[in-house]
Amino acid sequence: MITIALLGLPALAALFLLISRSAMAKQIALVATIAELVIAVVAAVQFAQNSSVQFLAEYGWIPSLGIDFKVGMDGISLLLVLLTAFLMPFIVYVSFKKKYDNQAAFYALLLLAQTGLIGVFTSLNGFLFYFFWEVVLIPVYFLAILWGGERRVAVTFKFFIYTVLGSFFMLLGFIYLYLQTPGGSFDITALQSLQLSRETQGWIFWAFFIAFAIKMPIFPFHTWQPDTYAESPVSVTMLLSALMVKMAVYGAFRWLLPVTPLAVEDWGNVVIILSVTGIIYASCIAIVQKNLRRLVAYASIAHVGLMAAGTFAFNSQGLQGAMFQMLSHGIGAVALFYVIELIYEKTGTMEIASLGGIMSKAPRLATIFLIFILSTVAMPLTNGFWGEFLLLLGVYKYSAVLGTISTLTIVLGAVYMLRMYQASVLGKASAATQNFEDITFQETLILSVLVVVIFWMGVQPGIFIDVAKPAIETMLSTATQTVLN
Amino acid sequence: MINAAWLIPLFPLVGFLINALGKKLLSKTLVSIVACGSVLASFVIAAGIFVELLGGAAAQTLNLGELLNAGGFSVSLSLLIDPLSVLMTLIITGIGFFIHMYSVGYMSHDDGFARYFSYLNLFVFSMLMLVLGANYILMFVGWEGVGFCSYLLIGFWYADNANNDAAKKAFVMNRIGDVGFLTGVFLIFITFGSIEYAQVFSSAAAMPAGLTVVTTITLLLFIGATGKSAQIPLFTWLPDAMAGPTPVSALIHAATMVTAGIYMIVRSNILFTLAPITMEVITYVGVATALLGAFIAITQNDIKKVLAYSTVSQLGYMFVAVGVGAYSTGMFHLITHAFFKALLFLGAGSVIHAMSGEQDIRRMGGLKKDLPVTYLTFLAGVLAIVGLPPFSGFFSKDEILAKVFEHSTLLAVVMVITFMMTAFYIFRMFFLVFFGSFRGSENQKSHLHESPSVMTIPLIVLAVLAVAGGFINVPETLFGHHALANYLEPVLRPSLAIIFSEEPSHATEYMLMAVAIAGTLVMLAVAYSRYLTKSHVPAASENEQSFLYRLSSRKGYIDEFYDMIIRKPLDWISSVLNDVFDKNIFDRIVNSVGELVVEGSSVARLLQTGKLGFYLFIMVAGITAILFLNFMF
């Protein structure tokens, strides 16, 4: 029931907003997301730490096609549901000061996207997964194209076509798998227990991979991302970078690795090489970015590249590192885009060269910004460290050469992040930052929540690791069995 | 007392939190009490444990829980309390306390007073984690932590971007070293199945010497050490790090953080002992760095730069010592250097304070009259670093020379030359600062004053240590019994079982001492005649100087060289990737595929307007709606 509640609450709230056109839309949306967080925490408390799927809910939907409405959560799902529920209040609140037209629609669409995300993370039926995967895209498309920046139409159009094209391959993959099942089923257990030949697995692998690679995005499928991050309304940029990216990594965890372990064995090296290339490529490009959002966008490509590499290295540290890093990266993305938004509100610019001297004007904001950066550059005692460490160890175990190249990310990350911090925050005040006021007490409090979680996860990583560990270990051992047979 | 060891890192952490969160509320007095008090409290506990260890208490691992366990990769939160870690703790908290105290005076007029002390306490916490952690991950936690605090403190005066550049450079160069450290830790885990010292070292002790994997591990760890401890090729950040407040240079960039590389090697001694090739590399890198640092220091005119290059050089001494397998000798020099170099830096700070911020020794001179305490304590530091008996540097430096001599006569000769260069640049600086006539402005002259007692007391304490510190490890030749070496023996036992070292004969040792002392005295005479008798002051322009002089004063052109081979290519590659590849190749391919589809479809007139996106969207939305309705009814 709890899964249904998690799915239903944001959708109902959205429906209410659309119908009532309430002038209190943003407050209602915020309350709804906080209520959602409470439910998610309840789920986490009730969760039994083993590898089983819990909070299962199953209804017939289109029985003739083997499509059931089947949702539930194991540790992997639970963590991502928690991440979504934890970040959504920030994603809603960050737009509070914006004078958007038709606010009710804006917040309703955000809530719909949340339902879609929860759906993606809890679906146990292939078709349902695909359905939610596309459902998320619809509100995001409207949000970006209606409330975005100057170049929003061209940019959103490209983003949309690109991702839909990717998911089309995934749909083909699902249909093919469906046809292989005896009696025709999209159910996860049916799909995961298919005995496919090595060659077939290869085809399925690539069909899914393209969808995930575009969504993540993995180099060289990433070109939609920096523009989209730069042009979208801040809430959408956060949604995309913090949560929708995780749909793809999660998709690989749930639908790719367990279904096509032989193909992972065959093709994992290609994916890892692409990912590692992307880490270095995007890091280098981040160094010369002039716009704060674009810089974080490229940094994000580098981080996601490492997550992909760790995932496809397909060993315990790589997968658990990817899991942990999904959380850290999600929190870090919201944190950084939040700060950038505050700077933009106060100065009207995101151009790094126009900024500077914020430290002397706004020490609170500057300090919190630095903490967020520390998490991004994987400083120990922040959450960024453990994810990156386990990922690098996972990749290193796969290949010492690729692992060593990936480890360069800790140098390049420091280069672009500290360069950005110095140019925008340190030094003397510029024309744009001359009258920069420090963040209010309320804003400090909100950002402090993120700070606390960053350190909490950094000091007690085991708590979070242990939630998904049984599910990941089971998946790994099942897949290893298959490969050995 | 050992069971209370967890309090040692906790106190400075709490001090940091109080001062960081309450920086607006607390008075300067309160900030000082919290900052100094927390470090002192840690020192008291460490001293108690030290006494217990001397009394025969066994080393112990305090397990405080498990941080995480991911697929057999388990990290415990545990502290290792043994002679080595307690010794380092005493240095960090002991010298650290006096530097905190000194800072109260030095920073008294600074707006960022509380911020400064919060950073300093955070540093002490990180450094304590580095030395007390019982596994490589906790060491890395501290290792990165001290690097970050160093970043904060070098760039403490953040309004000036030159300071920020120096801070960034330090952090990035350290991170380059950390790639080595991290991959070394990965390989340790893969090889030994654990990153806990206890397991790693006991498994290693059963291995034969010279295994490729152990050589690789130790070389990787050593790369980390070259970053943190400013050795060739990653040393150029340390001189720039002088941009920070001077007490920071004393604490972080002389006495503690930069010795982390030495600590790491001594901690991992069994691994290094089993890797003779690595040991050889360390020895040569150490000798080369010692020589290069001393060579550059000779012509520097900024008092802090002289001391910075001196530190680079002295750290080279320590690496030479551990490189030839004389771990306790390396630790010995680490300790005496911590005493006299912290003293020299604080003395320099007192001078800079008196000179209203002036750091150029060409504008100083004759300061011994106005700064008598600073002068006398600085003299103690000078005599200790040049190694005249019976000052502390004499014993530790001489022991290094004896060990190197056993290893290679050639290297011993190079070391003696380095000693002589050290004596020269130290006396040059000393004479230019304290003797002769005052060369600064009238304004500076009128402000000359001795520092307050909150600053001179630390100077006096460190001076006593710099004078007498050598007696902790007096060799048999001089009727001592190597007390420090005996104290550290339990930590080094596995290595000592493998390294069979023959003590040099007493005659050889006396001969080496005589050579070193004679060389130092010659250099004293040369510097005396040049800078006192002839009152030579280095010229403002270096044009008429020799090539060798310019090579030294321009720091070997190494910064320029790194700019040429690393920084500029990286900028260039980044720009090309951004402008050419990302915008004009990958994005264009994507766009043209898109255009092709749109054009193709309009030709086929399947989509009359060509707005593919719209149609696709309608399609997906339609399917969604149908399925949704199907489900609802």
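In which loop of chain A is F314(A) found? F314(A) is found in the loop between α12 (292-313) and α13 (316-347) of chain A, where helices (H or I, at least four residues) and strands (E, at least two) are DSSP runs numbered from the N terminus. This is a predicted model, in which local features need pLDDT of at least 70 and side-chain atom pairs count only at pLDDT 80 or more, while totals for chains, interfaces and linings use all residues. Residues are numbered from 1 along each chain as its sequence is written, and chains are lettered from A and ligands numbered from 1 in the order in which they are written.

**Contact between the chains**

- The contact takes 52 residues from chain A and 50 residues from chain B, two residues being in contact if their C-beta atoms, placed from the backbone, lie within 7 Å.
- On the side of chain B that touches chain A, at least two residues each come from β1 (60-70), α5 (136-154), α6 (161-192), α24 (558-603) and α25 (612-632) of chain B, and the largest share, 14 residues, is supplied by α6(B).
- The residues of that side of chain B divide into 28 nonpolar, 15 polar and seven charged, where Ala, Val, Leu, Ile, Met, Phe, Trp, Tyr, Cys and Pro count as nonpolar, Asp, Glu, Lys and Arg as charged, and the others, Gly among them, as polar.

**A helix pair in chain A**

- The axes of helix α3 (residues 75-93) of chain A and helix α4 (residues 103-122) of chain A come within 9 Å and cross at roughly 170°, the axes being lines fitted to C-alpha atoms, for helices over the stretch in contact, with angles that run from 0 to 180 degrees between N-to-C directions.
- That crossing makes α3(A) roughly antiparallel to α4(A), a description that applies to angles over 145 degrees.
- Residues of α3(A), including L80(A), T84(A) and M88(A), meet residues of α4(A), including L110(A), Q114(A) and F121(A), and the residues of this contact divide into 10 nonpolar, four polar and no charged.

**Buried positions in chain B**

- P12(B), whose place is in helix α1 (residues 7-21) of chain B, counts as buried with 28 C-beta neighbours inside 10 Å; a residue is buried if 20 or more other C-beta atoms, placed from the backbone, lie within 10 Å of its own, exposed if 12 or fewer, and partly exposed in between.
- The C-alpha atoms of P12(B) and F123(B) are separated by 8.5 Å, although these residues are 111 residues apart along the chain.
- L292(B), placed in helix α13 (residues 276-297) of chain B, is buried, with 22 other C-beta atoms within 10 Å, and, leaving aside its neighbours within four places in sequence, L292(B) is in contact with I232(B) and G556(B).

**Backbone features in loops**

- F314(A) has a positive phi of about 55° although it is not a glycine, and F314(A) is buried, with 21 other C-beta atoms within 10 Å.
- A230(B), in the loop between α8 and α9 of chain B, is likewise not a glycine and has a positive phi of about 50°, and A230(B) is buried, with 31 other C-beta atoms within 10 Å.
- A cis peptide bond with omega of about 5° joins I232(B) and P233(B), and P233(B) lies in the loop between α8 (212-228) and α9 (237-240) of chain B.
- In chain A, a cis peptide bond with omega of about 0° joins F219(A) and P220(A), and P220(A) is found in the loop between α8 (198-215) and α9 (224-231) of chain A.

How values were computed
Parallel < 35°, antiparallel > 145°, perpendicular 65-115°, else oblique.
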